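Work through these exercises with the sequence and the structure side by side. Try each task before you read its solution.

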Amino acid sequence: MISGEGRFGVGICGLGFMGRTEFVYWRQHPQARLVAVCDQEPRRRAGDWADEVGNVDAGEGQRVDMAGISSYADPDELIKDKAVDVVAVTLPTSLHVDVTVRALRAGKHVFCEKPMALTVGGCDRMIRAAEKAGRTLMVGQCIRFWPQYEVVKRIVEGGEIGAVRCVSLRRLSLPPDWSHDNWLMDASRSGGGLLDLHVHDVDFAHYLLGVPEQIDARGSRGPSGGIDHVVSTYGYPDGRYAVLEGGWTFHAPWPFEMAFTVQGQTGTLDWSSARGPDVLHYAGGDEPRRIPVSDRNGWLRELDYFAARLLADEPVARCTPRSSRTSVALALLERRSIERGRPLGVPAGLREAG
Ligand SMILES: NC(=O)c1ccc[n+]([C@@H]2O[C@H](COP(=O)([O-])OP(=O)(O)OC[C@H]3O[C@@H](n4cnc5c(N)ncnc54)[C@H](O)[C@@H]3O)[C@@H](O)[C@H]2O)c1
């Protein structure tokens, strides 16, 4: 499945905010070789990251040594590179489908950033290409692997807070200003805050509770020209419900916040990134129990998972392409509910697919 000495060759397409995060990860992975990078900007692919905004410090004073790493301007050239077994697609979302499909057809495995695509049809093309090629495809819905959210999944499934009644998920931000060519502020390329940011909570909601029966959403357009703020309610046939709020329409110096409250019959779990790492578990008494979490973030943990599955030659089960497709489909249903100003039933096909 993997060429050469049990170590797989990784090529990264797009050296922006997420591509640089993945660069640092793969360069240090003991069973991978970072063999190729691609970016249309010569400075980025030459390793001159001095002026970049990002979520990682690559070390080396942000001047990265690219010795031994092939460098391309065009994703197709990277895809042709025989040393590349795995293509990391960290390009603007509007490019995910075409680059992923071409990489899969060339026999590569693909780790593609979220959101999977801008349309459900695009997701379907990616899934079909992976199935036809018999190659692994995983989409980076990293919140499934974010330590605090892993705690929620474990505690809820272990029955420790009883049957869940209501889940509240929040993700609020300033408009992001780092993207190449400002593509994030162009809804035709990013899907707006709805698909780019809020999709994280859409994904976690159905991962935790299943696909809802009904969605009722309200939202507004913002600087991307698309839906940049949304509040939606998910309803389940057994009376459970979730309230999701996401958006990047807030004003400086608003601090990025992700947060959840999960109310069960016998206890409540609560966390906000604004408060610190521990999840609080309220179950009676004077003080909540503090649940400490790993300090290894979800971006690294999802790649740990992906790499382990590849090395074991096992399919990805915890974050399947079909479930990432469901996240896109649900976010787009929210958009339709906003546009129509009324609740919408979730098609049975989507509920069955999970
Ligand atoms: N998982 C997360 O939490 C998370 C966070 C941020 C971004 N993302 C996702 O990661 C993806 C990339 O976002 P980003 O913030 O890194 O964007 P970015 O603008 O910082 O980086 C994109 C890079 O792609 C390059 N590029 C664009 N078009 C190209 C082309 N045709 N050929 C070669 N290179 C090209 C740009 O030069 C740039 O370096 C998006 O899908 C985004 O939604 C995920």
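**Exercise 1.** How are H9 and H11 oriented to each other: roughly parallel or roughly perpendicular?

*Solution.* Keep in mind that this is a predicted model.
Step 1: find the two helices. H9 covers residues 199–209, and H11 covers residues 321–340.
Step 2: take the angle. The two helices pack at about 115°, and their axes are 9 Å apart.
Step 3: apply the cut-off. Angles of 65 to 115 degrees count as roughly perpendicular. H9 and H11 are therefore roughly perpendicular to each other.
Step 4: The crossing of H9 and H11 is right-handed.
Step 5: name the residues that touch. H9 brings Val-199, Val-202, Asp-203 and His-206, while H11 brings Thr-326, Ser-327, Leu-330 and Ala-331. Sorted by class, this contact of H9 with H11 has 4 nonpolar residues, 3 polar and 1 charged.

**Exercise 2.** Find how H5 and H11 are oriented to each other, and list the residues that make their contact.

*Solution.* Step 1: take the angle. H5 and H11 pack at about 175°, with 9 Å between their axes.
Step 1: apply the cut-off. Angles over 145 degrees count as roughly antiparallel. H5 and H11 are therefore roughly antiparallel to each other.
Step 2: list the contact. From H5 come Val-120, Cys-123, Met-126, Ile-127 and Ala-130. From H11 come Pro-321, Arg-322, Arg-325, Val-328, Ala-329 and Leu-332.
Step 3: sort the residues of this contact. The classes are 9 nonpolar, no polar and 2 charged.

**Exercise 3.** Are H4 and H5 roughly parallel or roughly antiparallel?

*Solution.* Step 1: locate H4 at residues 96–105.
Step 1: take the angle. H4 and H5 pack at about 10°, and their axes lie 9 Å apart. Angles under 35 degrees count as roughly parallel. So H4 is roughly parallel to H5.
Step 2: list the contact. On the H4 side are Val-97, Thr-100, Val-101, Leu-104 and Arg-105. They meet Gly-122, Arg-125, Met-126, Ala-129, Ala-130 and Ala-133 in H5.
Step 3: sort the residues of this contact of H4 with H5. There are 7 nonpolar, 2 polar and 2 charged.

**Exercise 4.** Which domains does the assignment give, and how many residues of each are in contact with the other?

*Solution.* Step 1: read the bounds. Domain 1 is 8–140, and domain 2 is 144–299 + 328–353.
Step 1: count the contacts. In domain 1, 14 residues are in contact with 14 residues of domain 2.
Step 2: look at the domain 1 side. H1 and H5 (120–133) are the elements that give two or more residues to it. By class, this side has 9 nonpolar, 4 polar and 1 charged residues.

**Exercise 5.** Where does the ligand lie relative to domain 1 and domain 2?

*Solution.* Step 1: count the shell. The ligand is surrounded by 26 residues. The closest are Gly-14, Gly-16, Phe-17, Glu-113 and His-180.
Step 1: find the top contributor. Helix H1 (residues 17–28) gives the most to the shell, with 3 residues.
Step 2: sort the shell. It has 11 nonpolar, 9 polar and 6 charged residues.
Step 3: conclude. Both domain 1 and domain 2 give residues to the shell around the ligand, so the ligand lies between them.

Technical notes
Residues numbered from 1 in each chain as written. Predicted model: local features only at pLDDT ≥ 70, side-chain atom pairs only at ≥ 80, totals over all residues. Near = placed C-beta within 6 Å. Helix = DSSP H or I, 4+ residues; strand = E, 2+ residues; numbered from the N terminus. Nonpolar A, V, L, I, M, F, W, Y, C, P; charged D, E, K, R; others polar. Domains from an automatic or database assignment. Axes fitted to C-alpha atoms, helices over the stretch in contact; angles between N-to-C directions. Left-handed = near helix turned anticlockwise from the far one by under 90°. Contact = placed C-beta atoms within 7 Å.
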